[in-house]
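I set out to read one protein chain and to record what I looked up, step by step. My entries follow in the order in which I made them.

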Amino acid sequence: MKNLKLLVIVMSLMFITSLSAQSDWQTVSAAGVTFQYRVTDDGLNLEGIMSAQTTGWVAVGFNPTVMMRDANIIIGFVQNGVGNIRDDWGNSNTTHVSDVSLGGTDDVTLIDSSEIDGATMLHFSIPLDSGDIYDQPLEIGETYPIILARGPNGANNYTAYHAAAGSAQITIEEPLSVDDQTNNITPGMN
């Protein structure tokens, strides 16, 4: 009987966890870089996964005005199995520097990273509105231009010139409510 109660509790927790209100993953690609993103269930953060066929750095820049200028750039690499990531600001059309060097804050959190078979992957989270003047706020329901870039193989730094760069657009989707997700359960499957 004790085991049955424990099983019911575990199953209930698994069901509640499955009702988390994360938005669905969205995917865009450019210049050989794939960027997947979604808003976290609290509606406060953007979770992103950037990946490319390179052993160098990968980057995404949010809402540039001209080329790299004014973009909130998230750039990182994996070296010796350790992920490195930094929050940068596009300080000109063709350069960027760390937010910290400008007096801002580093507002990116590395969740996971890997470099397997010549491909680099960085999974991270940033606040939709960090309050840092070097991070433009992202609003739910709005569409933004982004830049995607990758460094050459072995470019395990934040300064090597890109091997490829391109642009795309993303729309920041609102997280689903628990009611929305419950209503999306396939009939006969509950």
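**Entry 1: the chain as a whole**

I noted before anything else that this is a predicted model. I then looked up the secondary structure and found 2 helices and 11 strands. I wrote the order along the sequence as α-β-β-β-β-β-β-β-β-β-β-β-α. I also looked up burial: the chain has 190 residues, and 40% of them count as buried. For contacts with a separation of 6 or more, I recorded that 57% join residues 24 or more positions apart.

**Entry 2: the nonpolar cores**

Which residues have the most contacts inside the largest nonpolar core? I found that they are Phe-35 and Phe-62, in a core of 27 residues. I listed the strands that each supply at least two residues of this core: strand 1 (26-30), strand 2 (33-39), strand 3 (45-52), strand 4 (58-62), strand 5 (72-79), strand 9 (119-127), strand 10 (143-150) and strand 11 (164-171). Strand 2 gives the largest share, 4 residues.

I looked up Phe-35 by itself. Apart from neighbours within four places in sequence, Phe-35 is in contact with residues including Val-28, Ile-49, Met-50, Val-60 and Phe-62. Phe-124, Ile-146, Leu-148 and Ile-170 are also among its contacts. I then noted a second, separate core of 10 residues, which includes Ala-59, Ala-71, Phe-77 and Ala-149.

**Entry 3: the largest pocket**

I looked up the largest pocket and recorded a volume of about 440 Å³. Its lining has 22 residues, and those nearest its centre are Trp-57, Met-68, Thr-94, His-96 and His-162. Strand 4, strand 5, strand 10 and strand 11 are the elements that give two or more residues to this lining. How many residues of each class line the largest pocket? I counted 14 nonpolar and 8 polar residues, with no charged residues.

**Entry 4: the cavity**

I found 1 cavity of 30 Å³ or more in the structure. The largest cavity holds about 60 Å³ of space. Its lining includes Asn-72, Asp-87, Asp-107, Ile-126 and Gln-136. By class, I recorded 4 nonpolar, 3 polar and 4 charged residues in the lining of this cavity.

**Entry 5: Asp-88**

I located Asp-88 in strand 6 (residues 82-90). Is Asp-88 buried or exposed? Asp-88 counts as buried because its relative accessibility is 0%, and the cut-off for buried is under 20%. Its side chain makes a polar contact of 2.6 Å with the side chain of His-96. I recalled that His-96 is one of the residues nearest the centre of the largest pocket. Beyond four places in sequence, Asp-88 also touches Ala-71, Asn-72 and Tyr-134, among others.

**Entry 6: Ser-92**

I found Ser-92 in the loop between strand 6 and strand 7 (96-98). At 17% relative accessibility, Ser-92 counts as buried. The side chains of Ser-92 and Thr-95 are joined by a polar contact of 2.6 Å. With neighbours within four places left aside, Ser-92 is in contact with Met-68 and Arg-69.

**Entry 7: Thr-54 and Asn-153**

Thr-54 is in the loop between strand 3 and strand 4, whereas Asn-153 is in the loop between strand 10 and strand 11. Thr-54 counts as buried, at 1% relative accessibility. Asn-153 counts as exposed because its value is 58%, and the cut-off for exposed is over 50%.

What does the side chain of Thr-54 reach at 2.7 Å? I found the backbone oxygen of Gly-151 at that distance, and the backbone nitrogen of Gly-56 at 2.9 Å. The side chain of Asn-153 reaches the backbone nitrogen of Thr-55 at 2.9 Å.

Finally, I looked up C-alpha distances. Thr-54 and Pro-152 are 98 residues apart in sequence and 6.4 Å apart in space. Asn-153 and Ala-119 are 34 residues apart along the chain, with 9.4 Å between their C-alpha atoms.

Terms used: Residues numbered from 1 in each chain as written. Predicted model: local features only at pLDDT ≥ 70, side-chain atom pairs only at ≥ 80, totals over all residues. Heavy atoms only, no water. Core = buried A, V, L, I, M, F, W, Y, C linked by side-chain atoms within 4.5 Å. Buried < 20%, exposed > 50% of the residue type's maximum accessible area, 1.4 Å probe, protein only. Contact = heavy atoms within 4.5 Å. 1 Å grid on protein atoms, 1.4 Å probe; cavity = no way out; pocket = protein on both sides within 12 Å on 5 of 7 lines; lining within 4 Å. Points joined across faces, edges and corners; volume = space filled by probe spheres on them. Nonpolar A, V, L, I, M, F, W, Y, C, P; charged D, E, K, R; others polar. Polar contact = N/O pair within 3.5 Å; in protein donor to acceptor, adjacent residues only side chain to side chain.
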